[in-house]
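Here is the note you asked for on this chain. Please read it with the structure open.

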Amino acid sequence: MPWPADECGSVAPWRRYSRVEITRVQYVVELIDEGMTLAAIRRVLELEQRVARLEAERDALRAAVAERDAVLNRLVRGGT
């Protein structure tokens, strides 16, 4: 059975977009409205992803240091 035509006459399956995709497009539109070029927007998105990765790495390292400190404190208290 063929796909029904949409209001524009296009005959194709519909694409559903995730909330993340919609939010990303809205953000890009905001940046365009502020006068940014697509190349600049691409760089901003890349840098934001890098910052997010680095923040996650920092958080993991902080957790590892806190765990190490807790273990060392238990050893020191247990040893005295």
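This is a predicted model: local features need pLDDT of at least 70, side-chain atom pairs count only at pLDDT 80 or more; totals for chains, interfaces and linings use all residues.

The numbered points below go from the overall fold to side-chain contacts and the surface.

1. Overall make-up. The protein chain has two helices and zero strands. Of its 80 residues, 4% count as buried. The accessible surface of the chain comes to about 7300 Å², and carbon and sulfur atoms account for 59% of that area.

2. Helix H1 and what follows. H1 covers residues 19-33, a run of 15 residues. From first to last C-alpha the helix spans 21 Å, close to the 21 Å expected at 1.5 Å a residue. After H1 comes Gly-35, which has a positive phi near 100 degrees. Helix H2 takes in residues 38-79.

3. Salt bridges: Arg-58 and Asp-59. There are four salt bridges in the structure, and three of them are described here and in the next two points. Arg-58 and Asp-59 form one of them, with 2.9 Å between the closest N and O atoms. How accessible is Asp-59? Its relative accessibility is 39%, so Asp-59 is classed as partly exposed. Arg-58, at 36%, is partly exposed as well.

4. Salt bridges: Arg-68 and Asp-69. Here the N to O distance is 2.7 Å. Asp-69 has a relative accessibility of 31% and counts as partly exposed. Arg-68 is also partly exposed, with a value of 46%.

5. Salt bridges: Glu-67 and Arg-74. The side chains of this pair meet at 4.0 Å, N to O. The definition asks for a nitrogen within 4 Å of a carboxyl oxygen, so check this pair by eye against that cut-off. Glu-67 is partly exposed, at 46% relative accessibility.

6. With a relative accessible area of 41%, Leu-72 is partly exposed. A residue needs over 30% relative accessible area to join a patch, so Leu-72 at 41% passes that cut-off.

Methods: Residues are numbered from 1 along each chain as its sequence is written. Side-chain values use heavy atoms; hydrogens and water are left out. Buried means under 20% relative accessible area, exposed over 50%, partly exposed in between (1.4 Å probe, protein chains only). Helices (H or I, at least four residues) and strands (E, at least two) are DSSP runs, numbered from the N terminus. Accessible areas come from the Shrake-Rupley method with a 1.4 Å probe; for residues, only the protein chains shown count as cover. The expected span of a helix is 1.5 Å times one less than its number of residues.
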